[in-house]
Amino acid sequence: MTFLGANAEATDLSNVNDALYFDRIEVKAGDNATLQIKMKNASSVGTFGTKVTMPEGFSFGTDGNDPDVSLLTERTGSSTFAVASAFQSDANAIKIGLLQTEGANLGGNDGAVIAMNVKVGADVQVGSYEVLFSEQEFVEALSSANYYPADATSVIVVTSADGIDGVRADGTKAASPVKRIVDGKLVIDTVNGTYNAMGAQTK
C-alpha cells in the first residue's frame, strides 16, 4: 500500500452489492484509531472471511503485536456470532473471520460488524492511505452458498495537529511549518504561504 495524496478516495460502493469497508476516518500520526468495519451484502450472510492489509507505517492493535478485533452487536445480536483473527506471513496483513454458532444470518444488509484497533506510526506523513480488503468470502448460513466479492479499499486520513495539510478548520495556515508530498514533490505549508523544497513560494 502506498501514499495516495490528500484527496484519495475509497472504493466507490454505490454500485457494489457485497463488500467490507469502513467510513473515512481522520487520525493524527502517532495516535490510535478504532475502525468500525462494515459489511454491505445484497444476499443473506452468516459468516465471512477477509484479508486486511495496512499501509506501511501502520500496525494492528495498539502495540502492533495483537490484531485486537472485537465483535459489534449492531447486526450480530447476542452470542450467536464470534470473531477470529490471525497475522499473515505478508507484511502488515491479518485474516479476519466472522463465525456463527446457530445457523443464523446477520441482520440487515449494511452496517458495522467488527471493531479493529490500529496504530499510526509517529513518522507517517500527512495524507490519505488505503486499507485493502481482499480474499473476501461471504457464506449464507442456511444454504451454504458462497460469494466472493471483489477487493475493496477504505481510507485513513493522517492529519497534522492543526488539521489536514496544516490548514485549520477556519481555513488559516498552521503557525508551525508542515511538510507534505504533492505529486511526488515536497511542499512546505507555513503561516505565510506554501513553499517548495528550494524555498520558492508557490502560493
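Two strands count as paired here if DSSP finds at least two bridges between them. Helices (H or I, at least four residues) and strands (E, at least two) are DSSP runs, numbered from the N terminus. This is a predicted model, where local features need pLDDT of at least 70, side-chain atom pairs count only at pLDDT 80 or more, and totals for chains, interfaces and linings use all residues. Residues are numbered from 1 along each chain as its sequence is written, and side-chain values use heavy atoms, with hydrogens and water left out.

View 1. Of its 203 residues, 43% are buried (under 20% relative accessible area; exposed is over 50%, partly exposed in between; 1.4 Å probe, protein chains only). Take the contacts (heavy atoms within 4.5 Å) between residues at least 6 apart in sequence: 65% of them join residues at least 24 apart. The protein exposes about 10,000 Å², and carbon and sulfur atoms supply 48% of that; the areas come from the Shrake-Rupley method with a 1.4 Å probe, and for residues only the protein chains shown count as cover.

**View 2. Strand E9 and its pairing with E3.** Strand E9 runs over residues 110-120, and nine of its eleven residues are buried, so the rest of the structure largely encloses it. Strand E3 (residues 32-40) pairs with E9 in the antiparallel sense, over nine bridges. Look for Ala33, which sits opposite Val118 of E9.

**View 3. E5 and E6 alongside E9.** Strand E5 (residues 58-60) is antiparallel to E9, with three bridges between them; Ser59 has Lys119 as its bridge partner in E9. Strand E6 (residues 69-71) also pairs with E9 in the antiparallel sense over three bridges. There, Leu71 has Ile114 of E9 as its bridge partner.

**View 4. Thr80 in its loop.** Thr80 lies between helix H1 (73-76) and strand E7 (81-87). Its relative accessibility is 11%, so Thr80 counts as buried. Setting aside neighbours within four places in sequence, Thr80 is in contact with Leu99, Gln100, Thr101, Glu102 and Ala104.

View 5. The pLDDT (the predictor's confidence in each residue, from 0 to 100) averages 79 over the protein, and 73% of the residues score at least 70.
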